[in-house]
Amino acid sequence: SQLERPILTATHGRVALITLNRPAQMNALNDALMSALGEALLAFDRDEGIGAIVVTGNDKAFAAGADIAAMADWTYQDVVRDQFVTRNWETIRQVRKPVIAAVAGFALGGGCELALACDIVIAAESARFGLPEVKLAVLPGAGGTQRLPRAIGKAKAMDLCLTGRMLDAHEAERDGLVSRVVTPERLMDEAMAVATTIAGFSLPAVMSIKACVNRAWESSLAEGIGFERRELYARFATDDAREGMHAFLGKRKPVFQHR
Ligand code: CO8
């Protein structure tokens, strides 16, 4: 039944919606959920009819982290053999279309790291972000210690990682972890509207912009500028770029073919 699936998927026009679906466990991210999420993300990334992907949870939790019940008795040998995290947590990095996290309630540990791996984070006022792994004597090992300092700076990241305290939605927005804050009632409308806007643009241009911004995280300015310039030149090899500019000049709406 729908209730037993770790994720639910739906499409609305060119927007795909993925809902994390372990409400009784606060959407704790176990192996089945992360594998299903990875498969769904890659399937939507390949789907020509999809231009943007929204990932959400429920009112109480986006996700309260890795599944502590599953992890509690793992040994060093277990995590090395199974390639914990590497095996199915990093699939989201392969996705070339924009992924928008719509966060209400708790986004803790791996749930916060999942939001950090998304391209845009839209938070309800009820959202709470934190990396409480230190309290369990583990660490934010799904990119948290690396992405959080890049997103909000070293001082704030050290504070969050070492104390395990939570940020509310407004503090998270001020710090740069969150793109927009809305009321809980508006969350899904806002996230779907943002995704629909992006999905209406030329997909090759959108994917190129995402790749350029991600490159800024990972490279020197000179290398990033070089990457950006090559991506810019490549836009001129697309029909959509001519259509976009001629539609502007002709004072009409562009009709993009996504090529
Ligand atoms: N794993 C497993 N079960 C969970 C988790 C979790 N992360 N979070 C909540 N649950 C379960 C609870 O055990 C409880 O189950 P039951 O009803 O059977 O007792 C149910 O969900 C409801 O939770 P609560 O009763 O605790 O609800 P509250 O409203 O009182 O509290 C909180 C909600 C604040 C979210 C609280 O549940 C909590 O603190 N959860 C744990 C948060 C946490 O520590 N997360 C970090 C986990 S470690 C991690 O993510 C990274 C590990 C290393 C990196 C590797 C990749 C991630």
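**Notebook: pockets, cavity and helix packing**

I began with the second largest pocket, where α2 (68–71), α3 (76–82) and α4 each supply at least two residues of the lining. The model is predicted, so I kept in mind that local features need pLDDT of at least 70, that side-chain atom pairs count only at pLDDT 80 or more, and that totals for chains, interfaces and linings use all residues. Residues are numbered from 1 along each chain as its sequence is written, and side-chain values use heavy atoms, with hydrogens and water left out.

Terms, for my own use. Helices (H or I, at least four residues) and strands (E, at least two) are DSSP runs numbered from the N terminus. On a 1 Å grid over the protein atoms alone, a cavity is a set of points where a 1.4 Å probe fits but cannot get out. A pocket is an open set with protein on both sides within 12 Å along at least five of seven lines, and lining residues have an atom within 4 Å of a point. A volume is the space filled by probe spheres set on the points, with grid points joined across faces, edges and corners.

**Second largest pocket**

I noted a volume of about 550 Å³. Its lining has 25 residues, and A66, M71, E133, V138 and L139 are the closest to the centre. I sorted the lining into 17 nonpolar, five polar and three charged residues (Ala, Val, Leu, Ile, Met, Phe, Trp, Tyr, Cys and Pro count as nonpolar, Asp, Glu, Lys and Arg as charged, and the others, Gly among them, as polar).

**Largest pocket**

I found about 1,000 Å³ of space here. Of the 36 lining residues, L116, A117, C118, D119 and N214 lie nearest the centre. α4 (110–117), β7 (120–124), α5 and α9 (203–218) each supply at least two lining residues, and the largest share, seven, comes from α9. By class I listed 23 nonpolar, five polar and eight charged residues.

**Cavity**

I looked for cavities of 30 Å³ or more and the structure holds one. The largest cavity has about 40 Å³ of space. M34, L37, G38, L41, N88, W89, T91, I92 and L114 line it, and helix α1 (residues 31–46) gives the most, four residues.

**Helix pairs**

Axes are lines fitted to C-alpha atoms, for helices over the stretch in contact, and angles run from 0 to 180 degrees between N-to-C directions. Contact means heavy atoms within 4.5 Å.

I took α4 and α5 next: they pack at about 55 degrees, with their axes 10 Å apart. That makes α4 oblique to α5 (under 35 degrees counts as roughly parallel, over 145 as roughly antiparallel, 65 to 115 as roughly perpendicular and the rest as oblique). E113, L116 and A117 of α4 meet G144, R147, L148 and A151 of α5.

For helix α5 (residues 144–152) and helix α6 (residues 154–163) I noted an angle of about 135 degrees and axes 7 Å apart, which makes α5 oblique to α6. L148, P149 and I152 of α5 make the contact with K154, K156, A157, L160 and C161 of α6.

Last, α9 and helix α10 (residues 221–235) pack at about 175 degrees, with axes 9 Å apart, so α9 is roughly antiparallel to α10. I counted five nonpolar, two polar and five charged residues in their contact.
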